[in-house]
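I opened this entry to look up the pockets and what lines them.

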Amino acid sequence: MAITAADVNKLRQETGAGMMDCKKALTEADGDFEKAKEILRKQGQKIADKRADNTTSEGVVLAHVSQDGKSGKVVALACETEPVSKVADFQNLAMAVISTAVATNAADKASLLATPQADGRALQDHITDLMGKIGEKIDVASFETVTADQVVSYIHSNGKLGVLVGLSNTNGTDVTEVGKDIAMQIAAMKPIAVDKDGVDATVVEREIEIGKEQARQEGKPEAMLEKIALGKLNKFYKENTLLNQEFVKDNSLTIAQLLEKTSKGLTVSAFKRVAIG
């Protein structure tokens, strides 16, 4: 069957695939459009399988906070190269990912990727299709949700770093301004937990052992090692847990003190920091 330019253009309009890929698929399918689409989808899957282990260090991070301010979602759509992260198809896919997350209130990444789109196919299928079209790995690298009395979001200027911070005990006060400051603090200082109670036990054990070994190397008496290590652990908490960190805009205050100064009892109940690269 002769494949016309009109046929190729029609398939291209419907799939977004390149002209040569569309012509090749139509030729292989003997002009059958549905078979040609399936061939193009399989092409995307082949690329996905081939590039599964490739590093995705570029992309875009998007965040959305509900109208009542009590729930926020952040997604990171990653790719291999910066030019791909700038093309319209990639940016539109990222918007589809965050829109799907918001519309369905997906519980986790797996359910988000399984969500049917307007054509009835899963979101993951659309990601795979774009991989076939662009020729490199694309992945939802992160998907996080925060709920609280008030959720504030922050996207860094490079578009590759986003933060959600959930504030509790707001007492009806709008805490957007301080929430933005704290979100930027999280972006810059990379805390691992809200407070020391949120630090994983294995991390605590590791830091104590590191502290003991450092003291031992310094020639401290064995009987003093535990006490010295616990002192170092407190320094670790101060540097790595949000409420105990010094506020970057005013290091005379900790974040806990900043919150209390803003509104009595105000605290951070949760945060998520998502970065690409």
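**Pocket notes**

I began with the second largest pocket, where α3 makes the biggest contribution to the lining, five residues. I keep in mind that this is a predicted model.

I listed the residues around the second largest pocket: D21, K24, A25, E28, I39, L40, K42, Q43 and K46. Besides α3, α2 (19–28) also supplies at least two residues of that lining. By class I noted three nonpolar, one polar and five charged residues there. For the volume of the second largest pocket I wrote down about 160 Å³.

Next I turned to the largest pocket, with a volume of about 530 Å³. Its lining has 22 residues, and T15, R121, H126, D129 and L130 are the ones nearest the centre. I sorted the lining of the largest pocket into six nonpolar, seven polar and nine charged residues.

Which helix gives the largest share of the lining of the largest pocket? I found α7, with six residues. The helices that each supply at least two residues to this lining are α1 (5–15), α3 (33–50), α5 (88–104) and α7 (123–134).

Then I looked up the domains. I have domain 1 as 5–51, domain 2 as 58–193 + 271–275, and domain 3 as 196–265. The lining of the largest pocket takes at least three residues from domain 1 and at least three from domain 2. Last, I noted a distance of 57 Å between the C-alpha centres of domain 1 and domain 3.

Definitions and conventions:
Residues are numbered from 1 along each chain as its sequence is written. This is a predicted model: local features need pLDDT of at least 70, side-chain atom pairs count only at pLDDT 80 or more; totals for chains, interfaces and linings use all residues. Side-chain values use heavy atoms; hydrogens and water are left out. Domain bounds come from an automatic or database domain assignment. On a 1 Å grid over the protein atoms alone, a cavity is a set of points where a 1.4 Å probe fits but cannot get out, and a pocket is an open set with protein on both sides within 12 Å along at least five of seven lines; lining residues have an atom within 4 Å of a point. Grid points are joined across faces, edges and corners, and a volume is the space filled by probe spheres set on the points. Helices (H or I, at least four residues) and strands (E, at least two) are DSSP runs, numbered from the N terminus. Ala, Val, Leu, Ile, Met, Phe, Trp, Tyr, Cys and Pro count as nonpolar, Asp, Glu, Lys and Arg as charged, and the others, Gly among them, as polar.
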